[in-house]
Amino acid sequence: MNVYEYMCASRSVLGALRACMKNRVLLRRRTNLVGTSNADFPSGDPGMYQLDVTLRRGQNLAARDRGGTSDPYVKFKLGGKEVFRSKTIHKNLNPVWEEKACILIDNPREPLYIKVFDYDFGLQDDFIGSAFLDLTSLELNRQTDVTLSLKDPHYPDHDLGSILLSVLLAPREEQREVFQTQSLRLSDLHRKSQLWRGIVSVTLIEGRELKAMDANGLSDPYVKFRLGHQKYKSKIVPKTLNPQWREQFDFHLYEERGGIIDITVWDKDAGKKDDFIGRCQVDLSTLSKEQTHKLEMPLEEGEGCLVLLVTLTASAAVTISDLSINSLEDQKEREEILKRYSPMAMFRNMNDVGFLQVKVIRAEALMAADVTGKSDPFCVVELNNDRLLTHTIYKNLNPEWNKIFTFNIKDIHSVLEVTVYDEDRDRSADFLGKVAIPLLSIQNGEQKAYVLKNKELTGPTKGVIYLEIDVIFNAVKASIRTLMPKEEKYIEEENRLSKQLLLRNFIRMKRCVMVLISAACYISSCFDWDSPPRSLAAFLIFLFVVWNFELYMIPLALLLLLAWNYFLIVSGKDNRQHDTVVEDMLEDEEEEDDRDDKDSEKKGFMDRLYAIQEVCVSVQNILDEVASFGERIKNTFNWTVPFLSWLAIVALSVFTIILYFIPLRYIVLVWGINKFTKKLRSPYAIDNNELLDFLSRVPSDVQVVQYHELKQDPSHSPSKRKKNNPG
């Protein structure tokens, strides 16, 4: 045999071996993908592979509820970290999910763990079974259907059902090439990811004849709501079996066919575990949209019922998309948005005040959070209870996200919060920086570099973030919404005792009281004739005002004060300086917090004096509310938020005219009739005070400091640092 024949024979043998190996791999994949493989995958940088998984359905899952069914959901875990969680399918042993997940793989030798649970609201979820998918057994760039049998390590012989998946594993570079042709054929609608389908507005009215859980024959009831991962907790109504809540809140509706709201009622017990009163469920798929439904829900496993109002409305403006998909650059879409918020549409859907588009472009010179001197940054964009995330850029201090987020604006006085975190696989994300931007301070279409601040928003931290923000809103709707209750955030940090915070609130209240004392001393000095010219002028003004006084002069005087301050600001004669006192107190508080954390670890002082802490926290919060109230009134007249000051001018002008032309008795008569008949006209109306709702939108001095935009230091320009630290 010559050399040429030997080479040909060798090639034939190699080809046969390859075909045999390929058939063997395909055969094993079709039977089961649970197991191990010695397939040789090269190791590389994080995100070297992309795994596209479609969770199809479950078959013959194990029953975990008393009714012989389960409420299954699925978790995917990779390297000990949860990377995906499905929605919950209620009361079904053969659930259909059809949900897609895109997972970045840095080590294909790590299996993908699939765990299935039965959801139990208010209790620990029951484990149904688990399986794992060996990624090395997958053929690259090929869609594969997989059936995984579920197992329980404690009961290996039990049949727990199976999960059906479709998986595709591809290197990231090749993944782009494989789908490039397909992506070009997708419409803008499919390339723009809509986060939720609609809004579920729930008004908790009252409870009737609830079960008595305390020794006095009463309860201290409160209600917990849950829709998927979204939760809401009502206020506690003490010592009653027929509580009146009158609370309103919204959930995001992710499923087009609806979902199920789980509701549980609890009795608050101080110092011990709260008592369970009862539960009920609202199936949203049975409710018609764009209509308010009054529901009287009897409580299971308990007594009594809850009265609710539930409204389902469509939502089309909350999306995430790439920078190339810009709603406001599309002329047709822009015209539709402008038409939606034009003056002609002022009375349509009063809760839809405006449209917000946020371009998260990039960040520069971020803090290095990892031991390698790098970070894995991602960005969280929040507007009230709407919270969206970018993808993670690995091993980079100068990430570029190039994402567009759009939101519905319910309140023009909301604050947009953009926070940058460092992703950590084995623990919670590390904080890198944050900015808070009031919507009314935004300049449309301008790309700005925002200096990142610390958690308390009191001072700068390392790095800047580049954002371009556009706000379109209806001024009439925004003005009316200002006089309605402010939306509460579902997730708020718990108040804790802080010596520095207590001192800060005391000083703030003291400053407000000192203003009143100073005014009283000034008036007293006029009575004492300390300065004869001043006392004479005050005496003549007093005689003139009292002789000619009419009620309309009160709002007129406030109107003149607003106009005078506006004149000072416009003419450049306003010599007010930036409030450094509050800023210094905030910085001292941050240092004190660090010391308190260390002291609490050593002494456990908070645990031993828990009751005293509750009292101190209450006093601390009351001081904060009183001080904030005075500061908000001051900031209204100081034109801190021009929109609100103009709104105050309009309101005061109207009040002045009304009081001038209409006798006071008629005004009091109309006011009394309105108050007495309000419950008759609208039995489920939520009580509110328009003046307090207005003041709640005016920032206090602390919030003014937190929302103050920091200036970049030219000597530490991010662009200069970027050359030294390419990230």
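Helices (H or I, at least four residues) and strands (E, at least two) are DSSP runs, numbered from the N terminus. Phe 407 is found in strand 22, which covers residues 400-409. The structure is a predicted model, in which local features need pLDDT of at least 70 and side-chain atom pairs count only at pLDDT 80 or more, while totals for chains, interfaces and linings use all residues. Residues are numbered from 1 along each chain as its sequence is written, and side-chain values use heavy atoms, with hydrogens and water left out.

The chain contains 16 helices and 26 strands. Of its 727 residues, 42% are buried; buried means under 20% relative accessible area, exposed over 50%, and partly exposed in between (1.4 Å probe, protein chains only). The accessible surface of the chain is about 41,100 Å², and carbon and sulfur atoms hold 57% of that surface. Accessible areas come from the Shrake-Rupley method with a 1.4 Å probe, and for residues only the protein chains shown count as cover. Among contacts (heavy atoms within 4.5 Å) with a separation of 6 or more, 69% join residues 24 or more positions apart.

Phe 407 is a buried residue, because its relative accessible area is 0%. Its C-alpha atom is separated by 9.6 Å from that of Glu 382, which is 25 residues away along the chain.

In soluble globular proteins, nonpolar side chains tend to be buried together. A nonpolar core is a set of buried Ala, Val, Leu, Ile, Met, Phe, Trp, Tyr and Cys residues joined through side-chain atoms within 4.5 Å. The largest such core here has 45 residues, and those with the most contacts inside it are Leu 356, Val 360, Ile 465, Leu 467 and Ile 469. Helix 12 (residues 642-661) provides the largest share of this core, 6 residues. Apart from it lies another core, of 31 residues, including Leu 61, Leu 78, Trp 97 and Leu 169. When neighbours within four places in sequence are left aside, the contacts of Val 360 include Cys 379, Val 381, Trp 401, Phe 405, Ile 465 and Leu 467.

A nonpolar patch with about 1,100 Å² of accessible area together includes Val 650, Val 654, Tyr 660, Phe 661 and Ile 673. Patches are made of residues with over 30% relative accessible area and no salt bridge; like charges are joined within 9 Å, and nonpolar side chains (Val, Leu, Ile, Met, Phe, Trp, Tyr) within 5 Å. A salt bridge is a side-chain nitrogen of Lys or Arg within 4 Å of a carboxyl oxygen of Asp or Glu. Helix 12 gives the most to this patch, with 7 residues, and helix 13 (664-681) supplies at least two.

The structure holds 17 aromatic pairs. Rings of Phe, Tyr and Trp (its six-membered ring) pair if their centres lie within 6.5 Å; planes under 30 degrees apart count as stacked, over 60 as edge-to-face and the rest as tilted. Phe 473 and Phe 643 form an edge-to-face pair, because their ring centres are 6.2 Å apart and their planes stand at 70°. This pair links distant parts of the chain, with Phe 473 in strand 26 (residues 460-473) and Phe 643 in helix 12, 170 residues apart. The rings of Tyr 660 and Phe 661 are likewise edge-to-face, since their centres are 4.9 Å apart and their planes at 85°. Tyr 660 is partly exposed at 49% relative accessibility, whereas Phe 661 is exposed at 62%.
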